[in-house]
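Subject: A structure for you to look at

Hi there,

Here is the structure I promised to pass on. Please open it and keep it beside you while you read my notes below.

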Amino acid sequence: MTAHILIVDDEPRVAEPLSFALQREHFRVTHVERGEQALAVLGEDPPALVVLDVGLPDINGFEVLKRVRRDSEVPVLFLTAREDELDRILGLELGGDDYVTKPFSPREVVARVRAILKRQGAAPAQAPVRDWRVDGDAARAWFREQPLALTLSEYRILEALVRHPGQVFSRARLLDICGSEEDSFERAVDTHIKTLRAKLRPLGGDGWIVTRRGLGYVLERP
């Protein structure tokens, strides 16, 4: 499946060569010039990675990332004309995955995109974050604004799936995510998935959690 890359930059002389370089490497590219446009794309057609300029005409890239991280762990590669070390550190501390200072070679950015996706094991995200909402501090989740009554293990599994839509999680990995002594066998994950589906069914959400035979589970739009 072709990975979807979102470029957020208001300079055509920067965005156009980069878009061309990514498309030449068989990525699907969306380019927008403003932060609010980027947030809309993230909700409607979630990308596998965001290339995000810091200096945008409406809201800066750091603020865009703060909003993105409320609902998504999509990888973000910052672009900036600034050379201040504090800016680079801030971008990474806010949850950015890498940082490139302008001017740059589009080929270098493509290489960095590939490296990030390889580290993430990232397939393009397929489930719009607007259908789901998770609150890590309170361990609560909502589907289409309907609250879900979940155990802690069920919440942890669902949170992982929601934050990484389109990514397959093995039973062993989900077992580690549960982090509970009571969940000591991989079969416990199957039980949690079964109860999650049952709780989502009355809300029309049971088809979202898909079994990948021999691999594990993934969150996808039915």
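You will find Asp-53 in strand β3, which covers residues 49-53. Its side chain makes a polar contact with the side chain of Lys-102, at 3.3 Å. If you set aside neighbours within four places in sequence, the residues in contact with Asp-53 include Val-8, Asp-9, Asp-10 and Thr-80.

Before going further, please remember that this is a predicted model. The mean pLDDT of the protein is 84, and 89% of the residues reach 70 or more. Residues 122-128 have a pLDDT below 50, although this stretch has 27 contacts in the model beyond near neighbours in sequence. Where pLDDT is low, the predicted coordinates should not be read in detail.

Next, have a look at helix α1, residues 12-24. Which residues of α1 are buried? They are Val-14, Ala-15, Leu-18, Ser-19, Ala-21 and Leu-22. Seen down the axis of α1, these buried residues fall within an arc of 165°, so they line one face of the helix. After α1 comes His-26, which has a positive phi, near 75°.

Now for the inside of the protein. In soluble globular proteins, nonpolar side chains tend to be buried together. Here the largest nonpolar core has 23 residues, and Trp-132, Ile-157, Leu-158, Ile-193 and Ile-209 have the most contacts inside it. Elements giving two or more residues to this core include β6, α6 and α8, and the largest share, 6 residues, comes from α6. Leaving aside neighbours within four places in sequence, Trp-132 is in contact with several residues, among them Trp-142, Phe-143, Leu-158 and Trp-208. There is also a second, separate core of 22 residues, which includes Val-29, Val-109, Ile-116 and Leu-117.

Enjoy exploring, and write back with any questions.

Best wishes

Note on methods. Residues are numbered from 1 along each chain as its sequence is written. This is a predicted model: local features need pLDDT of at least 70, side-chain atom pairs count only at pLDDT 80 or more; totals for chains, interfaces and linings use all residues. Side-chain values use heavy atoms; hydrogens and water are left out. A nonpolar core is a set of buried Ala, Val, Leu, Ile, Met, Phe, Trp, Tyr and Cys residues joined through side-chain atoms within 4.5 Å. Buried means under 20% relative accessible area, exposed over 50%, partly exposed in between (1.4 Å probe, protein chains only). Helices (H or I, at least four residues) and strands (E, at least two) are DSSP runs, numbered from the N terminus. Contact means heavy atoms within 4.5 Å. A polar contact is a pair of N or O atoms within 3.5 Å; within protein, one must be able to donate a hydrogen and the other to accept it, and residues adjacent in sequence count only if both atoms are side-chain atoms. The expected span of a helix is 1.5 Å times one less than its number of residues. The arc is that of the directions from the helix axis to the C-beta atoms. pLDDT is the predictor's confidence in each residue, from 0 to 100.
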